[in-house]
Amino acid sequence: MKSAIYTLLLSLVLFFWSGALEAQVYILNEDFSTANGITPPVDWINTTVTGQATDKWHFDNPGNDTIHYPVTAPFAIFDASNYSAGGGNETATLETPFFDASVGSHCLLFLDQYRNLVAGDTCRILAFDGSSWVKVIDYTATSSTNPEHQVLDLSSTCAGKTNAKLRFQWIGVGAGYWALDNIRIYSPLLLDAGISNIDSPAMPFNAGLNDVKVTLNNYGYTTLSSATIRWSVNGVLQTPYSWNGSVPFGNSQANVNIGSYNFPSGVASQVKVWSEMP
């Protein structure tokens, strides 16, 4: 089990454990850092299905479109407004390599995207289930936030498959664009929780009795309803906290008050927090 560590002004050292750091299995993780021009990362496929020969996905943002963080250059973009205007309708696909999703019974897609669409545009994501392509979702003529973080469940199509893949398909009318980045395919455990932050106390704070508050994350596939949060100060175990609630996958609950501690003045205190039994 790995831990994340940070130090506050040399007087309070906080440790928090996230069980998910050990349990996460990323089957594919692509930020397009090795792509350039119209050349995708190794084993990705960039295809013009219909339209002009120039109707390709790009990785150099040829229209200088403003896409906000966490989308960062280079990223994938089909920019019909920039290089397809006046050329009629177009269809182009960006396809991942084959990936092995047999490591678990669940499979999720994470991505950051921005869709700037006009009437007639469709952004489509398809999944290959080992024998055929299955539509996962269509986005039509509705622009997204800039950017939008999306989590899509691929379990019914890809989980358990040794030869799955994804296809990002632009179907357009010579206007609009679709930007993609941080594409991650992830196989979560059914139940998995972790402490992602110690919210309080935070420097500076007064010596004496202070509440200890943490952020509890759900890294499991199902909604988290309970967990035991354990903690210690200077190696001395404190009273465990039995948490109950409802946190969907990928979400968290901040400022969970797990107890209080009388911190002495002028003495370094080491606080460790971890979760068990999600």
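Biologist: Let's start with charges: which residue meets the side chain of lysine 135 in a salt bridge?

Modeller: Mind that this is a predicted model, where local features need pLDDT of at least 70, side-chain atom pairs count only at pLDDT 80 or more, and totals for chains, interfaces and linings use all residues; side-chain values use heavy atoms, with hydrogens and water left out. Residue numbers start from 1 along each chain, as its sequence is written. A salt bridge here means a side-chain nitrogen of Lys or Arg within 4 Å of a carboxyl oxygen of Asp or Glu. At 3.5 Å, N to O, the partner of lysine 135 is aspartate 138.

Biologist: And which residue meets aspartate 138 at 2.7 Å?

Modeller: That distance runs N to O, and the contact is a salt bridge between side chains. The partner is arginine 124.

Biologist: How many residues apart are arginine 124 and aspartate 138?

Modeller: Arginine 124 sits in strand 8 and aspartate 138 in strand 9, so to speak distant parts of the chain. Strands are DSSP runs of E, at least two residues, while helices are runs of H or I, at least four, all numbered from the N terminus. The separation is 14 residues.

Biologist: What is the relative accessible area of aspartate 138?

Modeller: Buried means under 20% relative accessible area, exposed over 50%, and partly exposed in between, using a 1.4 Å probe and protein chains only. Arginine 124, at 24%, counts as partly exposed. Aspartate 138 is partly exposed too, at 26%.

Biologist: Over the whole structure, how many salt bridges turn up?

Modeller: One of them joins glutamate 276 and arginine 230 at 2.6 Å, N to O. That pair links strand 19 to strand 15 (residues 224-233), 46 residues apart. Glutamate 276 is partly exposed at 31%, and so is arginine 230 at 31%. The search finds six.

Biologist: Which residue stands opposite glutamate 95 in strand 11?

Modeller: Strand 6 (residues 90-95) and strand 11 pair in the antiparallel sense over six bridges; pairing takes at least two DSSP bridges between the strands. Opposite glutamate 95 stands arginine 167.

Biologist: What is the strand order of the five-strand sheet?

Modeller: The sheet is open and its pairing is antiparallel. Reading across, the order is 4-6-11-8-9.

Biologist: Which strands of that sheet stand at the edges?

Modeller: Each edge strand has a single partner strand, so one side of each is left without a neighbour in the sheet. These are strand 4 (45-50) and strand 9 (133-140).

Biologist: By what angle are neighbouring strands turned against each other on average?

Modeller: Axes are lines fitted to C-alpha atoms (for helices over the stretch in contact), and angles run from 0 to 180 degrees between N-to-C directions. With direction ignored, the average for this sheet is 20°.

Biologist: In strand 11, which residue is the bridge partner of isoleucine 125?

Modeller: Strand 8 (residues 122-128) and strand 11 pair in the antiparallel sense over seven bridges. Cysteine 123 has tryptophan 170 as its partner in strand 11. For isoleucine 125, the partner is phenylalanine 168.

Biologist: How many residues of strand 11 are buried?

Modeller: Strand 11 spans residues 165-172, eight residues in total. It is largely enclosed by the rest of the structure, because the buried count is six.

Biologist: How many residues are in the largest nonpolar core?

Modeller: A nonpolar core is a set of buried Ala, Val, Leu, Ile, Met, Phe, Trp, Tyr and Cys residues joined through side-chain atoms within 4.5 Å. Trp57, Phe99, Leu109, Phe168 and Ile183 touch the most other members. The total is 35.

Biologist: Which element gives the largest share of this core?

Modeller: Elements giving two or more residues include strand 3 (25-30), helix 2 (80-83), strand 11 and strand 12 (177-187). The largest share, four residues, comes from strand 12.

Biologist: In strand 18, which residue stands opposite asparagine 217?

Modeller: An open antiparallel sheet of three strands has the order 13-14-18. Strand 14 (residues 208-218) and strand 18 pair over nine bridges. Opposite asparagine 217 stands serine 252.

Biologist: Last one: how far is the C-alpha atom of serine 265 from that of alanine 207?

Modeller: Serine 265 lies in the loop between strand 18 (252-263) and strand 19 (269-276), and counts as exposed at 62% relative accessibility. Alanine 207 is 58 residues away along the chain. The two C-alpha atoms are separated by 5.1 Å.
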